[in-house]
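Please walk through the fold and helix packing of this protein model, one question at a time.

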Amino acid sequence: MSSNTTPEYPATPTYGQPYAPAPIRGAASPEDLTLPLYGATFPQAIKRYLRKYATFTGRASRSEYWWATLFVFLVALIPNILFITGVVIGSVSAAAQREPVVFDGITSSKTYYTQPGILEIPGAAPLILTGLVLLGLIWLATIVPNLAIAWRRLHDANFPGPFYFLSLIPSVGGLILFVLFLLPSKPEGQRFDLAR
């Protein structure tokens, strides 16, 4: 016989009885940065993302991670649009300025085509360069917090943070990490919390 206090939901599973997993400790308020905030809203998640800029210890809930990922995507959207617009304008304009060059040889003549590079197009170069500079600055500003929140999200799913380096495996690494980020929180992940 088990020493369970509530027979409806025993602490340890026994054959034929329902099992209730151990509760997962989370932050009681958004201001508590020591525990993950389950069900965080967009503003709460962004505030926690920025305040825990380089914190690799502890855990981050799924909502914290995915809201922060959306935030970085939205911040990088305008520079990406600038860059892509510049590339399209440059490519179309360069193709329109294609000129034939005929080389006459002794036995035959060949026609080759030349065109300017996309950075030589006056309207495209500023858009491309502005987009690239802004994307570079955004990448530099977010590389540490992105790595930190990914590390903490892995902790919440009960995986060690260095599993992040699975993303370096060509072709499948990013997919493996994506699946790990989608996994639910596990009570065992509390081992990564700081001792109080």
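This is a predicted model: local features need pLDDT of at least 70, side-chain atom pairs count only at pLDDT 80 or more; totals for chains, interfaces and linings use all residues.

Residues are numbered from 1 along each chain as its sequence is written, and side-chain values use heavy atoms, with hydrogens and water left out.

Q: In what order do the elements of the protein run from the N terminus on?
A: Helices (H or I, at least four residues) and strands (E, at least two) are DSSP runs, numbered from the N terminus. The protein has four helices and two strands. From the N terminus on, the order is α-α-β-β-α-α.

Q: What share of the residues of the protein count as buried?
A: Buried means under 20% relative accessible area, exposed over 50%, and partly exposed in between (1.4 Å probe, protein chains only). The protein has 196 residues, and the buried share is 28%.

Q: Are α1 and α2 roughly parallel or roughly perpendicular to each other?
A: Axes are lines fitted to C-alpha atoms, for helices over the stretch in contact, and angles run from 0 to 180 degrees between N-to-C directions. Helix α1 (residues 42–51) and helix α2 (residues 62–96) pack at about 85 degrees, with axes 8 Å apart. Angles under 35 degrees count as roughly parallel, over 145 as roughly antiparallel, 65 to 115 as roughly perpendicular and the rest as oblique. So α1 and α2 are roughly perpendicular.

Q: How do the residues of the contact of α1 with α2 divide?
A: Contact means heavy atoms within 4.5 Å. F42, A45, I46, R48 and Y49 in α1 meet S63, E64, W67, A68, L70, F71 and V72 in α2. Ala, Val, Leu, Ile, Met, Phe, Trp, Tyr, Cys and Pro count as nonpolar, Asp, Glu, Lys and Arg as charged, and the others, Gly among them, as polar. The α1 and α2 contact has nine nonpolar, one polar and two charged.

Q: Is the crossing of α2 and α3 left-handed or right-handed?
A: α2 and α3 pack at about 165 degrees, with axes 9 Å apart. They are therefore roughly antiparallel. A crossing is left-handed if the near helix is turned anticlockwise from the far one by less than a right angle, and right-handed if clockwise. For α2 and α3 it is left-handed.

Q: Which residues of α3 and α4 make the contact?
A: Helix α3 (residues 124–156) and helix α4 (residues 173–182) pack at about 60 degrees, with axes 9 Å apart. That angle makes α3 oblique to α4. The contact is made by A150, R153 and L154 of α3 and L177, L180, F181 and L182 of α4.

Q: Leaving aside neighbours within four places in sequence, which residues is A125 in contact with?
A: A125 is found in helix α3. At 14% relative accessibility, A125 counts as buried. Beyond those neighbours, A125 is in contact with I118 and L119.

Q: Is S171 buried or exposed?
A: S171 is found in the loop between α3 and α4. Its phi is positive, about 70 degrees, although S171 is not a glycine. With a relative accessible area of 78%, S171 is exposed.
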